[in-house]
Amino acid sequence: MLDIWRHPTGLIGSCLLALVLGAAVFGAVLAPYDPQLFQPLARLQGPSAGHWLGTDQFGRDILSRILHGARATIAFGVGATLLGVVAGAVIGVTAGVVGTWVDSLIMRTIDGLLAVPDLLFTLLIVTVLGGGTGHAMLAVAVAFTPGMARISRSAVLSIRTREFVQAATARGESRIYIMAAEVLPNSVGPLIVEATIRVSFAVLLGATLGFLGLGAQPPSTEWGLMIAEARQFMFRNPWCVAAPGIAIAMTAMGFNLFGDALRDVFDPRGRR
Amino acid sequence: MSAPTMPDTARPVLDVQGYSLTYATRTGPFEALKSIDLSVMRGRTMGLVGESGSGKTSLAWAILRYLPANAREGDGRLLLSGEDLRAKSPGEITDLRGRRIGMVFQDPSTSLNPTLTLGRQLTEVLVRHRKHSMTQAKAEAEALLARTGISRPAEMMTRFPHQASGGEKQRVVIATAFACNPECIIFDEPTTALDVITARQIQDLFVRLQEDTGVAALYISHDLALVSRIAHDVAVIHRGAIVEKGPSRQIFATPREDYTRMLLAAVPRPTVRLVTGEPSPQAPAILRLEGATIRYGEKNLIDRLLRREQAEVVGARDVSFALREGEILGIVGESGSGKSTIARAIAGLNDFSGTIALRERIFHARREIDRAFRRNVQIIFQNPDGSLNPRQRIRDILARPLKLYDLVPKTGLDARIAELLEQVRLPRDFAQRYPHQLSGGEKQRVAIARAFAAEPQVVLCDEITSSLDVSVQASVARLLVDLQTRTGATCLFITHDINLVRQLAHRIAVMHRGECVDLFAAADHAAPDRHSYTRLLLDAVPNAAGA
């Protein structure tokens, strides 16, 4: 894992991730103010010694709100992705291992679902289920499932035709052993990489849903919601929109670059 | 001729002087060529022989001035009829390629443009470099193709590359290379991608054209036997340096360097038998195939729903033979002849019809094959990079068959693994390594150890030496024969290398287009009752160097 530090984009990604994860863990302790504290006399102020990132339309400290919101945002991204990955992997691995008409049926259905863009898919589900953090998370997970299924199936298939798997078959190994010992360890690499990159999309989707009022509800400190609430005051204090925007971008970029670097490092043949 | 000066017989056409080349890699600079000195005179063929990674192809790229971005050239000169190619501008080089220096690469299907007819690709060169008119070029191209032995040149010119066979395509590439009467032509493994019989025809064509035109040829190959037959001079390259060069006859008869001697010793000589002794003729059959047919192609859901007809591919048709206990049966044939298909069916990887019998147990389909059968019949694959799980240590790879078939108690596992490694002449501490830390030959030894770990009665070897370098091939073949003798296992040895199979097989089966056309004792290879295809195969293979 040390190799990731020697990877140029990996280093940037790790630093961003460390910053964002640090905020998620220690944010509540580090925050200088209560994120819900109204200060009617200090509304829409620019950055100052007292409020590093200024205050919003209710006089709440923006830095404190961002630090508090980190946990919700990351939990959303990681949670939604994890659900999607597990569901997708189960479907994809089943299709890849069973083969025959089961595989054809699953894959054609997935081809159909993949034709719907992620955002449209999530919006559709949230519209049916109703808004809220839990539903938004489920929606993103469902939207990710077909893509993850496709990737896990192809990872399984590309490994399954390799000669060491055939050697195991010729040796008389059971299907379960072949799956568990030969195929899966060699296909988790691409899955982890894909999942890491997808966390960044999940964060963006979560923020989008928050912005549209379909995800987290006020007075949550979710970043997308913060942007939505402060939108009208953008010209009086740009910081109330820019700060959560930058936080979202940093999180998405951190996961994305880290995932890219993982892809390079994960290959055991690159290791000496 | 467009040679700038008077033809000079004393001056080499191609002259490489003290040329060095380094590649910048992530792990630091890699010296690909170290102060190479090489010259080819008019009318001569210089064979450049080396193993993979020796730098032979890098030299060809350097002469043709196709260097990758990470190449750093050192000192030295690359002279074509006295002119330094390194001093030329990219425009001058483009003009020179194809006109004064030609090239023929390994795979004709990648060196031809798939969207243009063969005739168009040939006439293009004539129009551009020799300023022919289109009609002139067409007539000339037909004459050139006729010279390469294509029977209906006018018809061949209208075809696209995918409508021609590999041999026909390579003839067109050769015709293109000779089209402008260049001073020098570089051949980089021109027959490696072709099957043996076609390869032989292309080699004969090369010799004839080279003699007719007197072109200076640099012929790059890993095949010593081939080079000894067609080259006047030979240079042996090893790790980027030329270790020995001189007239072909001298190099092959009295090599001076150890490396050359080692390479020569590694070339399979059919007259030198690796196996000693024969299984007794009364030995019972251990494995029998009767009327085994293997078909490929399984209909998918959509095809079935639409009732689409799918052409069925037959991999092997009605194959019958028996392996006698303790013998090595060789199977030879060209690629696609069905030899691997047979091995995979016996290993229970392909479905089959007909019967496969192991002693008294008879199997009629793949699903009947059980673990007891699989334990007794082990397979070793061609490519050791693929056949070892990259995430398992050598210890775990070798331990698996022992655990699966319950062959040794848990406490004896490590001792047995050490013993297995020793048997294939690998150090004990390799047990802790991962496959990617081993060389190709070492990996193949591990694969062999794994197959023998199961203590099988039959071992199927599917081209196990083909992906290895010549010098490694010989030691792996010896190891296999040694293990076979010690364990008494019966072997099915599949290869396309006819000289090798004559060295180590007791009997040889010949496959052609999915059928077993001939089966004979190795000593009877020249008997008059050999199948015509067997004779064709045997004649196509060059005799071993110096033999």
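1. A residue is called buried if 20 or more other C-beta atoms lie within 10 Å of its own. With that cut-off in hand, and keeping in mind that this is a predicted model, one can say that helix 6 of chain A is mostly covered, since 20 of its 28 residues are buried.

2. Helix 6 of chain A, which takes in residues 133-160, reaches 39 Å from its first C-alpha to its last, and this is close to the 40 Å expected at 1.5 Å a residue.

3. Elsewhere in chain A, helix 8 (residues 175-211) and helix 9 (residues 223-230) have axes that come within 7 Å and cross at roughly 35°, and the crossing of helix 8 of chain A with helix 9 of chain A is right-handed. On the side of helix 8 of chain A, the residues that meet helix 9 of chain A include Gly206(A), Ala207(A) and Phe211(A), while those of helix 9 of chain A include Trp223(A), Gly224(A) and Ile227(A).

4. Turning to chain B, helix 16 (residues 394-404) and helix 18 (residues 440-453) pack at an angle of about 20°, with their axes 8 Å apart. Angles under 35 degrees count as roughly parallel, and therefore helix 16 of chain B is roughly parallel to helix 18 of chain B. Their crossing is right-handed. Helix 16 of chain B brings Ile394(B), Ile397(B), Leu398(B), Pro401(B) and Leu402(B) to this meeting, and helix 18 of chain B brings Val446(B), Ala449(B), Arg450(B) and Ala453(B).

5. How many residues of chain B are in contact with chain A? There are 22 of them, and they are in contact with 18 residues of chain A. On the side of chain B that touches chain A, at least two residues each are supplied by helix 12 (301-305), helix 14 (371-376), helix 15 (384-387) and helix 16 of chain B, and the largest share, three residues, comes from helix 14 of chain B.

6. Is Val501(B) buried or exposed? Val501(B) is buried, because 25 other C-beta atoms lie within 10 Å. Leaving aside neighbours within four places in sequence, Val501(B) is in contact with Gly330(B), Val332(B), Phe493(B), Thr495(B) and Ile508(B). Val501(B) and Ala477(B), which are 24 residues apart in sequence, are 9.8 Å apart in space, C-alpha to C-alpha.

Terms used:
Residues numbered from 1 in each chain as written. Chains lettered and ligands numbered in written order. Predicted model: local features only at pLDDT ≥ 70, side-chain atom pairs only at ≥ 80, totals over all residues. Helix = DSSP H or I, 4+ residues; strand = E, 2+ residues; numbered from the N terminus. Expected span 1.5 Å × (residues − 1). Buried ≥ 20, exposed ≤ 12 C-beta atoms within 10 Å, placed from the backbone. Axes fitted to C-alpha atoms, helices over the stretch in contact; angles between N-to-C directions. Parallel < 35°, antiparallel > 145°, perpendicular 65-115°, else oblique. Left-handed = near helix turned anticlockwise from the far one by under 90°. Contact = placed C-beta atoms within 7 Å.
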